[in-house]
Amino acid sequence: MSHISDAMQAFHENTMWIVNNGMMADLAIEDTNNKVINWFAMHQQEWKHGEIVDFVSMDEGTGVYTVYALCTDDTVLAIPEDELDNPEEFDISGHHTAMVRTRPQEITGEDADQLADRILDERERILRERAESLH
């Protein structure tokens, strides 16, 4: 496992993400994967990252959420959460289809390692805020 994958797994510990053997996570990943790949297909861009296998959504205290989606080639895609919640929708031959509105930013290498550290920092911030709210 990569540092980014380990960080995402740590982020998910004791959350709704793992309920029902990860069924909620599987559905969210499939939906995200479809919306991203649809963007590449509609814009005739090559998709070369395999599949999205995990993601985290975090705001780092800003209130504006970004989804960081890990692909099988260890590329992380940064997607504004609003584009997944409110995608561009259209019909192709009578089939309803949705996609993100902009090309996701690709994060690799050292930048992905720095993102992994930020994910772990965000996890600690959230846990600290939860603990403080209980007092």
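Among contacts in the chain between residues at least 6 apart in sequence, what percentage join residues at least 24 apart? In this predicted model, the figure comes to 55%.

The chain holds four helices and six strands. Read from the N terminus, these elements follow the order α-α-β-β-β-α-β-β-β-α. The radius of gyration is 16 Å, close to the 14 Å given by the globule rule for 135 residues, so the chain is as compact as a globular protein of that length. The C-alpha trace spans about 55 × 30 × 30 Å along its principal axes. Of the 135 residues, 40% are buried.

The buried set consists of Ile 4, Ser 5, Ala 7, Met 8, Ala 10, Phe 11 and His 12. What do these buried residues of helix 1 pack against? Their partners are strand 1 (52–58), strand 2 (66–71), strand 3 (76–80) and helix 4.

The pairing of helix 1 with helix 4 can be described in more detail. The crossing of helix 1 past helix 4 is left-handed. On the helix 1 side, the contact is made by His 3, Ile 4, Ala 7, Met 8, Ala 10 and Phe 11. Across from them, helix 4 contributes Ala 112, Asp 113, Leu 115, Ala 116, Asp 117, Ile 119, Leu 120, Glu 122, Arg 123 and Ile 126. Sorted by class, this contact comprises eleven nonpolar, one polar and four charged residues.

Attention now turns to some exposed positions. Ala 41 belongs to helix 2, which runs over residues 23–42. Is Ala 41 buried or exposed? Its relative accessible area is 54%, and since exposed means over 50%, Ala 41 is exposed. Ten residues away along the chain is Asp 31, and the C-alpha atoms of Ala 41 and Asp 31 are separated by 15 Å.

Backbone torsions in two loops deserve a look as well. Most residues other than glycine have a negative phi. Gln 44, a residue other than glycine, has a positive phi near 50°. Where is Gln 44 placed? Its position is in the loop between helix 2 and strand 1, and Gln 44 is exposed, with a relative accessible area of 76%. Ser 93 also has a positive phi, near 50°, in a residue other than glycine. This serine sits in the loop that links strand 4 (88–92) and strand 5 (95–99). Ser 93 is exposed, its relative accessible area being 73%.

Methods. Residues are numbered from 1 along each chain as its sequence is written. This is a predicted model: local features need pLDDT of at least 70, side-chain atom pairs count only at pLDDT 80 or more; totals for chains, interfaces and linings use all residues. Side-chain values use heavy atoms; hydrogens and water are left out. A crossing is left-handed if the near helix is turned anticlockwise from the far one by less than a right angle, and right-handed if clockwise. Contact means heavy atoms within 4.5 Å. Ala, Val, Leu, Ile, Met, Phe, Trp, Tyr, Cys and Pro count as nonpolar, Asp, Glu, Lys and Arg as charged, and the others, Gly among them, as polar. The radius of gyration is taken over C-alpha atoms; the globule rule is 2.2 Å times the number of residues to the power 0.38. Buried means under 20% relative accessible area, exposed over 50%, partly exposed in between (1.4 Å probe, protein chains only).
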